[in-house]
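Subject: The structure you asked about

Hi there,

Here is the model to open alongside this email. My notes on it follow just below.

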Amino acid sequence: MKMEQFQKEVDAWTGQFTPQYWSPHEILAQTTEEVGELAREVNARFGHKKKKVTESDRELGDEMADIIFTLACLANSQDIDLSKHLQRVMDKCYKRDNDRFEKKK
C-alpha cells in the first residue's frame, strides 16, 4: 500500500470518532509508547534484557506498523503529505549520503 493511500485509510477510520485526532503532543506520546514497545521486543530478541517466561513474543512488523500508524495520525492532523516528505528523505540519501558509507564490493 502506498503511503498516500494509507494516510487516506487512517483518515477514514479515525473520521468515525470525536475527536478525529488527538492533539499533537498526545499523538507524540502515543508514538513514544509504541516505540518503547518495539524497543522492548528488539531488546528481548537481540539484547541483554530477556523477557520473563510469562511474557509473549510480539511481531516486530506489528510493532513497526503501530509506529507508522501513529505517525500517519500526526501527519493527517497537521495536513502533511508523508509521501512528499519520504521522497525528500530518499533524495537526500541519494545525493548527500550516497558516498558517505562504505559500499559493498
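Let me start with Asp79, which sits in the loop between α3 and α4; helices here are DSSP runs of H or I with at least four residues, strands are runs of E with at least two, and both are numbered from the N terminus. The phi angle of Asp79 is near 55 degrees, a positive value in a residue other than glycine. Asp79 is also exposed, with a relative accessible area of 74%. In these notes buried means under 20% relative accessible area, exposed means over 50%, and partly exposed is in between, using a 1.4 Å probe and protein chains only.

Before going further, please keep in mind that this is a predicted model: local features need pLDDT of at least 70, side-chain atom pairs count only at pLDDT 80 or more, and totals for chains, interfaces and linings use all residues. Residues are numbered from 1 along each chain as its sequence is written, and side-chain values use heavy atoms, with hydrogens and water left out.

The loop between α1 and α2

Another loop to look at holds Thr18, between α1 and α2. Pro19 is found in the loop between α1 and α2 too. A cis peptide bond joins Thr18 and Pro19, with omega at about -5 degrees. Thr18 is exposed, at a relative accessible area of 83%. If you want a sense of distance, Thr18 and Phe101 lie 83 residues apart in sequence and 47 Å apart in space, C-alpha to C-alpha.

Helix α1

Helix α1 covers residues 3-14, and its 12 residues should span 16 Å at 1.5 Å a residue. The expected span is 1.5 Å times one less than the number of residues. The end C-alpha atoms of α1 are 16 Å apart, which agrees.

Which residues of α1 are buried? They are Gln7, Val10 and Thr14. Seen down the axis of α1, its buried residues fall within an arc of 60 degrees, so they line one face of the helix; the arc is that of the directions from the helix axis to the C-beta atoms.

Salt bridges

Side chains of opposite charge can pair when their charged atoms come close. A salt bridge here is a side-chain nitrogen of Lys or Arg within 4 Å of a carboxyl oxygen of Asp or Glu, and by this rule the count comes to 10. Here are some of them.

Lys8 and Glu4 form a salt bridge through their side chains, at 3.5 Å from N to O. Because they are four residues apart in helix α1, Lys8 and Glu4 are separated by about one helical turn. Lys8 is partly exposed, with a relative accessible area of 49%, and Glu4 counts as partly exposed at 45%.

Glu55 and Arg40 also meet in a salt bridge, at 2.8 Å from N to O. This pair links distant parts of the chain: Glu55 is in the loop between α2 (24-46) and α3 (60-77), while Arg40 is in helix α2, and the two are 15 residues apart. Glu55 is partly exposed at a relative accessible area of 31%, and Arg40 is partly exposed at 25%.

The side chains of Asp97 and Arg96 pair as well, at 2.8 Å from N to O. Asp97 counts as buried at 14% relative accessibility, whereas Arg96 is exposed at 54%. Elsewhere, salt bridges that share partners join Glu41, Arg45, Lys51 and Asp57 into one network. Within that group, Arg45 is placed in helix α2 and counts as partly exposed at 38% relative accessibility. Arg45 and Asp57 are 12 residues apart in sequence and 8.9 Å apart in space, C-alpha to C-alpha.

Cysteines

How many disulfides are there? The count comes to zero, where a disulfide is a pair of cysteine sulfur atoms within 2.5 Å. Cys73 counts as buried at 10% relative accessibility, and Cys93 is partly exposed at 31%.

A surface patch

Val89, Met90 and Tyr94 make a nonpolar surface patch of about 300 Å². Patches are made of residues with over 30% relative accessible area and no salt bridge; like charges are joined within 9 Å, and nonpolar side chains (Val, Leu, Ile, Met, Phe, Trp, Tyr) within 5 Å. Accessible areas come from the Shrake-Rupley method with a 1.4 Å probe, and for residues, only the protein chains shown count as cover. Val89 is placed in helix α4 (residues 82-95) and is partly exposed, with a relative accessible area of 38%.

Best wishes
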